[in-house]
Amino acid sequence: MAEDNNRTTFNPVIPLALSASGMTTSSSDVVVLGLGVVLAGLYLFKDQLFAASKPKLAPVATKSSANGSGNPRDFIAKMKDGKKRIVIFYGSQTGTAEEYAIRLAKEAKSKFGLSSLVCDPEEYDFENLDQLPEDCAAFFVMATYGEGEPTDNAVQLMQNLEDDSFEFTNGGRDLTGLKYVVFGLGNKTYEHYNVIGRRVDASLSKMGGIRIGERGEGDDDKSMEEDYLEWKDGMWEAFATALGVEEGQGGDSADFVVSELDSHPPEKVYLGEYSARALTKTKGIHDAKNPYAAPITVARELFASHADRNCVHIEFNTEGSGITYQHGDHLGVWPINPDLEVERLLCTLGLHDKQDAVIGIESLDPALAKVPFPVPTTYATVLRHYIDINAVAGRQILGSLSKFAPTPEAEAFMKELNTNKEKYHTVVAEGCLKLGEILQLAAGNDITRIPSPENTTKWSIPFDIIVSAIPRLQPRYYSISSSPKLNPGSIHATVVVLKHENTPSEIVTKKWVHGLGSNFLLNLKHATNGEPTPITSVSDGEHVSVPAYLIDGPRGAYKTETTYKAPVHVRRSTFRLPTNPKSPVIMIGPGTGVAPFRGFIQERVALARRAIEKNGPDALNDWGRISLFYGCRRSDEDFLYADEWPKYAEELKGKFVLHTAFSREKFNPDGSKIYVQNLLWNDREHIAQAILEGKGYVYICGEAKNMAKQVEEVLAKILGEAKGGSAEVEGAAELKLLKERSRLMLDVWS
């Protein structure tokens, strides 16, 4: 129990009462007790007895309490204190919405000279939103998460905006005259595309707010960046008119100051650690701010040796870490950038020879741009561990970097990519070019060669621009494929390795594109098992077929003898089995979409073992059936966990049924491929009965754009016909009801 310094902990009345009850006392005891009563009375009533002798002091209002800045949750006071005319709230789950919020703040500063307060809505109160001055504006950059839900940090904001019982400081729900801007982030492959941004817009408008420009909507399935760029110019024009400002009043200004430190204790320099606890090796809670370096106990290939793809099953030991998880949760893995791209940028920025120089980074406006990673650090560490240099470069950054071009030709090339949307799409987006590759290409360097200071032209880009322009390297999330009930202290992940060819053009040749997180884990699998690095043979010699990573980690922290580690943390999910095993369960998960369902089945197996041990062999008789609909290419190539499913079925006493579709092995009578949606239709009678009569639960995991959408269409058809109607009316209504009651849940990706 924590000590409370504002509470009197000694109370003599209680022991006196105890003494007076049930004890015989002598005369001396009575005297002592009487004296105790007198002293206790004096102590308890000292303020009243002696108050007259003390002069009463009027409270003095300090500057902070007078202007409201004493309340850290008062954004209006902070805006006034900082002379800011824009407040930008962001609803962000993975950091993307926050990045766009910061970009808007930077553009407002460079275009109009206006300062902004960028706010995590979880950290502020909204009662005084109606107090925003007339010459100010509120921006809302809102991501839609999951099945049309607000991000975790925007839940309270949405409740305040939509709950009719919530009142602003004026005593009502009147936001008349509030100038606001909305940019939503979503994905069109999901049913509830950008619904949170739309709800924010509708709520503010309903209460009298005036939207500036059009509502922006970014589609992550195509190009969030292009949607943002198309929207922002028109919005800024409307903004200038609404607030009476003119463009050109701002100017280019740095967000950070980067300085090289001549002397600094080596043990206090961050070389890839994510937190002070990791640097000092002190114990603490492991989460997204302090991931745990988890030892890898198992790493094996799940696809057949003759397959042209890889899928890694990997197990992390979390014993003693304090990390807990449940089936259906997500594992965040923190990858690093591949050696080749780190070397490429070190050469293009002219930092190759001083890559290990210790640098400090300070923010010139912490309210606008926080230093996104721990410092002091080194140039190489920033490029390897902290910023996402492996991503396809955005169009906007190319324009801002053109002024640092080493030649007029390079400057013209960068400006054309920045202004010519079609050329950017053909060369950069379709060519899958990273920033380092574009800088080399613009300068006339050969991007197919291993970069070196000798074959790479130097660009004089200040490092603070690099830190400002390139987003923080984020963890990659994977559905956990185990249950803690069967695997305590161990977390399993099932990861298909992403690798595909780009679309070549006149400027960019054909090349392989490798997913960052999955290839990082593939590297760890090779190292854990002592396997040789795969080699591909091409016309001009042999090339390594996977990128290389510095997997030993900072200061060798991710390797002990023959054991490798990776930094991980757990992200909670609501993707859960029903608590009652009597409820039927239908799971649809082709490919690696089966990952969470392996955890689901393990969860049920653990429960079954306990039930049988307690109640005998018939304990599962009244359990609902668990049906898994799984699909892959071939039974002898990519059938994940094929050896495990029969064992689970045996332990569950026939309550687990597996339906399989092998799209390149078995076909429909007309020759068309069989997919999981075909399996669902074939089992439609059981599915309708399980859902409508058995109150069953349905789970879909996997690719969202085609599979998940087609599965929902089949389910709507099954349920619509079972209700005596159509898929479009009765079926759609039934699906909507299932989602509202959390009996149809999706864990999908684009």
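These legends walk through several close-up views of the model shown above. The model is predicted, so local features are described only at pLDDT of at least 70 and side-chain atom pairs count only at pLDDT 80 or more, while totals for chains, interfaces and linings use all residues. Residues are numbered from 1 along each chain as its sequence is written, and side-chain values use heavy atoms, with hydrogens and water left out.

**View 1. Inside the largest nonpolar core.**
A nonpolar core here is a set of buried Ala, Val, Leu, Ile, Met, Phe, Trp, Tyr and Cys residues joined through side-chain atoms within 4.5 Å. Buried means under 20% relative accessible area, exposed over 50%, and partly exposed in between (1.4 Å probe, protein chains only). The largest core holds 80 residues, and the ones touching the most other members are Phe139, Val141, Phe239, Leu398 and Phe463. Helix α9 (residues 224-243) supplies the largest share, nine residues. Helices (H or I, at least four residues) and strands (E, at least two) are DSSP runs, numbered from the N terminus. Another core, of 33 residues, lies apart from the largest one and includes Phe575, Val585, Val594 and Trp623.

**View 2. What Phe239 touches.**
Contact means heavy atoms within 4.5 Å. Skipping residues up to four places away in sequence, Phe239 touches Ile86, Phe112, Leu114, Ala137, Phe139, Ile212 and Val245.

Most of strand β3 (residues 137-145) is covered, with eight of its nine residues buried. Two strands count as paired if DSSP finds at least two bridges between them. In general, strands of a sheet pair through backbone hydrogen bonds, either parallel or antiparallel. Strand β1 (residues 86-91) runs parallel to β3 and is joined to it by six bridges; look for Ile86, whose bridge partner in β3 is Ala137. Strand β5 (residues 179-186) also pairs with β3 in the parallel sense, over six bridges, and here Phe140 has Val182 as its bridge partner. With strand β4 (residues 149-150) the pairing is antiparallel, over two bridges, and Thr144 partners Pro150. The β3-β4 hairpin has three residues between the strands, and Gly146 takes a positive phi near 60° there.

**View 3. A three-stranded open sheet.**
The order is β8-β12-β13, and the pairing is antiparallel. β8 (256-260) and β13 (377-378) are the edge strands, each pairing on one side only. Two bridges link strand β12 (residues 358-363) with β13, and Ile359 stands opposite Thr377 in β13.

**View 4. Glu107 and Lys232.**
Glu107 sits in helix α6 (residues 96-112) and counts as buried because its relative accessibility is 8%. Its side chain makes a polar contact with the side chain of Lys232 (3.3 Å). A polar contact is a pair of N or O atoms within 3.5 Å; within protein, one must be able to donate a hydrogen and the other to accept it, and residues adjacent in sequence count only if both atoms are side-chain atoms. Leaving aside neighbours within four places in sequence, Glu107 is in contact with Phe112, Tyr228, Lys232, Trp236 and Gln396.

**View 5. Two glycines from the annotated binding site.**
The unreviewed UniProt entry has a "binding site" annotation that covers, among others, Arg476, Tyr478, Gly515, Gly517 and Trp749. UniProt positions are given in the numbering used here, feature names are shortened, and annotations may be inferred rather than shown by experiment. Gly515 is in the loop between β17 (512-514) and α18 (516-529), and it counts as buried at 17% relative accessibility. Gly517 lies in helix α18 and is buried, with a relative accessible area of 5%. Leaving aside neighbours within four places in sequence, Gly517 is in contact with Pro335, Arg476 and Tyr478.
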